[in-house]
Amino acid sequence: MSQVRVAALYQFTRFDDPAAIRGPLLDLCVAQEVKGTLLLAREGINGTIAGSDAAIDAVLAHVRTLPGCAEIDVKFSHADTMPFHRMKVRLKREIVTMGQPDIDPLAGVGHYVAPAEWNDLIADPDTVLIDTRNDYEVAIGTFRGAIDPKTRSFSEFPEWFRAKRAEIEAQGRMPKIAMFCTGGIRCEKSTAFAKAEGVEQVYHLKGGILAYLEQVPQDRSLWDGECFVFDERVAVKHGLEVGAHVLCRACRMPVSPEARQSPDYVEGVSCPACIGTRTEEQRASYAERHRQAQLAAQRGEAHVGAVFTPEAGGREPD
């Protein structure tokens with residue numbers, strides 16, 4: 001077993017004072033040498049952390065004492081090295097930003113479908129399968145036959161869904177709608193939104209793609225590609241093993257092995273997705289940052305200029 005335990009977690013609940021929760025939670029994570037990102041809002045908690053087994057157990061024991069978190073949903077995996085550089089506990093307006101303040105997953109969400117039953121649902125020709133993730137995530141892997149909304153942020157999803165629903169209904173169809181995301185949290189909101197819009201036959205994958213890749217054997221899988229994750233592993237594949245994608249340090253997009261063969265890919269500097277969007281001065285700055293990161297690695301030190309965090313241009317956990 002790998003040395004570092006990774007825990008992806010979320011819980012919609014009621015926190016009257018998230019700021020009061022933040023300090024003790026951060027202090028415990030730091031004391032236990034746990035790293036990662038946790039988001040706190042009045043609607044709950046969301047994030048991914050990593051550390052030793054004992055450290056993760058200690059943090060989760062504390063989290064489970066928080067209001068409504070006794071049965072918090074946690075998905076575990078392992079990494080050969082620490083996939084985060086620091087610990088952040090951030091206060092947010094939403095733990096996953098949809099921009100629909102009236103949507104409350106605690107008031108009702110879609111029907112949960114276990115990973116073992118997911119294949120039957122999405123193989124049904126009367127099911128419309130929707131990937132609720134953003135374009136850069138869908139690009140490296142998705143379920144066969146899934147619709148890609150081509151959103152750049154989750155806040156674009158409601159407008160897209162309304163238009164897609166109108167298109168489907170104009171065809172005289174009232175299909176079942178199945179949605180999925182990385183760990184399940186986006187689907188809590190997207191299916192709650194669909195139900196608020198009057199859609200009753202809406203389903204979502206319990207535990208998200210991560211649970212499916214962990215539980216469904218590869219020879220029975222309807223998943224193609226890898227799944228983007230919000231840490232230095234970049235992507236995982238079946239069995240939650242680390243995938244083949246790496247992160248472009250210029251634009252923070254995942255880069256496939258094929259894309260790394262392009263002359264536009266320069267480690268730490270550029271990739272085919274961003275080569276035309278950066279100036280020569282920016283690329284020179286990235287090259288120097290990469291050089292400093294390599295020197296720090298040779299000394300056995302972490303280089304903060306290469307940190308994968310939302311503040312540094314990375315993306316928050318799903």
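**Salt bridges, sheet and helix packing in a predicted model**

Lys-75 counts as buried, with a relative accessibility of 10% (buried is under 20% relative accessible area, exposed over 50% and partly exposed in between, for a 1.4 Å probe and protein chains only). The model is predicted: local features need pLDDT of at least 70 and side-chain atom pairs count only at pLDDT 80 or more, whereas totals for chains, interfaces and linings use all residues. Residues are numbered from 1 along each chain as its sequence is written, and side-chain values use heavy atoms, with hydrogens and water left out.

The side chain of Lys-75 meets that of Asp-73 in a salt bridge, at 3.2 Å from N to O (a side-chain nitrogen of Lys or Arg within 4 Å of a carboxyl oxygen of Asp or Glu). Asp-73 is partly exposed, at 27% relative accessibility. By this rule the salt bridges number 20. Another joins Lys-189 to Glu-94, with the closest N and O atoms 2.4 Å apart. This pair links distant parts of the chain, 95 residues apart: Lys-189 belongs to helix H6 (residues 185-196), and Glu-94 to the loop between strand E5 (87-91) and strand E6 (111-113). Helices (H or I, at least four residues) and strands (E, at least two) are DSSP runs, numbered from the N terminus. Lys-189 and Glu-94 are both buried.

An open sheet comprises 5 strands in the order E4-E1-E3-E2-E5, with mixed pairing (two strands pair if DSSP finds at least two bridges between them). Strand E4 (73-79) and E5 form the edges; each has a single partner strand, so one side of each lacks a neighbour in the sheet. Strand E1 (residues 4-12) runs antiparallel to E4, and 7 bridges join the two. Tyr-10 has Asp-73 in E4 as its bridge partner. H6 packs on the sheet and touches E1 and E3, its direction making about 20 degrees with that of E1. Axes are lines fitted to C-alpha atoms, for helices over the stretch in contact, and angles run from 0 to 180 degrees between N-to-C directions.

The axes of helix H3 (residues 115-123) and helix H7 (residues 208-215) come within 9 Å and cross at roughly 105 degrees. H3 is therefore roughly perpendicular to H7 (65 to 115 degrees). Pro-115, Trp-118 and Asn-119 of H3 make the contact with Ala-211, Tyr-212 and Gln-215 of H7 (heavy atoms within 4.5 Å).

Methods:
Angles under 35 degrees count as roughly parallel, over 145 as roughly antiparallel, 65 to 115 as roughly perpendicular and the rest as oblique.
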